[in-house]
Amino acid sequence: MANQYENKIVRPEDLTQAFIKYYGGTEDSVSLFASPARINIIGEHIDYNGGKVFPAAIDRYMYVAIRKRNDTKIVYNDLKFPGTFTFDINDNFAFAKENDYSNYLNGILSIIKRRGYKFDSGFDVLLCSNVPPAGGISSSSALECGFAYAVSELFGFGISRKDIALIGQQSEHEFMNVNCGIMDQFIIATAKNKTAELLDCATIEYEYVPLELGDYRFVVMNTKKKRQLADSKYNERRSQCEQGLAELKKAAAPLPSGKYSKTNDLPDLCSLTTEQFKAVENIISDSVIRSRVKHCVTENERVLEAVSALKAGNLTRLGELLRASHESLKNDYEVTGLELDTLYETANAQDGCIGARMTGAGFGGCAIAIVHKDKVDSFIDNVQKKYTEIVGHDAGFFACTSSDGVSTMRLAK
């Protein structure tokens with residue numbers, strides 16, 4: 001059955017009907033939940049450095065169909081990925097490579113159980129995602145948050161949206177061994193349609209900002225170069241940032257005007273202003289580490305500028321900031337590569353595009369562009385042609401709008 005859906009956009013009703021084929025019963029006994037993908041408009045690789053980020057949920061979803069069982073058994077299936085995974089709710093879940101995507105689900109269950117929530121039965125699950133896997137728009141976080149929300153609603157736990165996000169992050173850290181920041185899970189859990197979120201990753205304070213693009217649309221461009229964060233240099237970049245902060249704190253150097261007077265007072269890299277960084281950058285002996293820190297400081301300031309530009313309706317300035325962000329990610333943070341750089345350069349050269357950049361962790365994955373609605377089709381055709389010519393295979397494209405966060409589509413009767 002999996003191959004039937006492999007390259008298709010699956011509708012929620014398709015998933016419900018397939019659930020009955022897998023598990024039997026009637027459609028009104030099945031609960032259905034949706035979890036969106038996300039783009040980060042700007043603010044990359046600073047969520048784990050105490051920075052501010054500016055993501056939005058988008059109208060591409062993964063769906064969770066779920067129903068309680070009469071025993072303690074758990075059964076997972078996915079429409080697009082063959083194989084059935086069976087566990088017991090009383091298991092002490094542990095990561096195992098052969099368990100594939102079910103590790104994400106078991107990680108969530110392990111954290112929920114550790115928080116004291118009690119399950120009175122097992123359950124059957126059927127998943128399907130229209131979010132490109134390992135594409136840089138948070139397919140894994142959509143899975144984590146969608147499943148956590150579904151379980152919470154099904155069993156009446158009433159877990160808050162903020163805690164849904166924190167459970168997803170904790171599972172990544174402890175179960176999947178990915179030392180991620182909070183941004184992806186937070187936006188997916190808390191998003192509101194027609195807004196983006198300015199999220200302070202140090203304090204978890206956030207502000208909804210109206211996402212008004214007028215005649216422009218976001219276009220997501222997928223390199224189709226898959227990468228897994230745990231297998232990439234993501235954790236290495238985080239370690240480099242920690243090293244840079246440690247050197248600054250050890251030096252206890254005075255800082256020009258700002259909230260913190262000495263470098264040993266800094267709680268994170270994004271507490272530095274650009275002016276302060278320029279005054280103390282030579283404390284960091286390694287040029288590579290210095291460049292990583294520079295990106296964090298300048299990217300954090302670009303986020304604040306981008307929010308101001310959007311509030312003022314200055315899309316031209318927003319586009320400029322997107323391009324500056326990509327250049328920093330390419331030259332200072334070194335997380336782009338041939339595929340992302342080709343999309344970035346080709347997109348920015350197109351008529352009707354006011355700005356483009358990579359989004360997500362990089363090392364492949366996706367880029368985004370802001371494109372006039374009348375130019376979307378020609379934009380995609382032109383970028384696709386150039387990308388295939390340079391890279392040797394095609395990319396994936398779709399225009400998108402904003403979306404709500406995790407949501408209930410139907411509760412079982």
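**Exercise 1. Work out which hand the crossing of H11 and H12 has, and which residues meet there.**

Let's go step by step. The crossing of H11 and H12 is right-handed; a crossing gets that name if the near helix is turned clockwise from the far one by less than a right angle, and is left-handed if anticlockwise. Before going on, note that this is a predicted model, where local features need pLDDT of at least 70, side-chain atom pairs count only at pLDDT 80 or more, and totals for chains, interfaces and linings use all residues. Residues are numbered from 1 along each chain as its sequence is written, and side-chain values use heavy atoms, with hydrogens and water left out.

Now find the helices: H11 covers residues 338-348 and H12 covers residues 376-391. Helices (H or I, at least four residues) and strands (E, at least two) are DSSP runs, numbered from the N terminus. The two axes come within 10 Å and cross at roughly 140°. Axes are lines fitted to C-alpha atoms, for helices over the stretch in contact, and angles run from 0 to 180 degrees between N-to-C directions.

Next, look at contacts (heavy atoms within 4.5 Å). On the H11 side, they include Leu338, Leu343 and Ala347; on the H12 side, they include Phe379, Tyr387 and Ile390. The tally is 8 nonpolar, 3 polar and 2 charged residues. Here Ala, Val, Leu, Ile, Met, Phe, Trp, Tyr, Cys and Pro count as nonpolar, Asp, Glu, Lys and Arg as charged, and the others, Gly among them, as polar.

**Exercise 2. Find how H10 and H11 are directed relative to each other.**

Start with the numbers: H10 (residues 315-331) packs on H11 at an angle of about 155°, with the axes 12 Å apart. The pair is therefore roughly antiparallel, a label for angles over 145 degrees. The crossing is left-handed. Among the residues that meet are Arg323 and Glu327 in H10, and Asp341 and Glu345 in H11. This contact divides into 2 nonpolar, 2 polar and 5 charged residues.

**Exercise 3. Decide whether Gly122 is buried or exposed, and list what Gly122 touches.**

First, locate Gly122: look in the loop between helix H3 (102-114) and strand S5 (123-129). Gly122 has 0% relative accessibility, so this residue is buried; the cut-offs are under 20% relative accessible area for buried, over 50% for exposed, and partly exposed in between (1.4 Å probe, protein chains only). Leaving out residues up to four places away in sequence, Gly122 touches Lys68, Arg69, Asp71, Thr72, Lys73, Ile74 and Phe155. Lys68 sits 54 residues away along the chain, yet the two C-alpha atoms are separated by 6.0 Å.

Definitions and conventions
Parallel < 35°, antiparallel > 145°, perpendicular 65-115°, else oblique.
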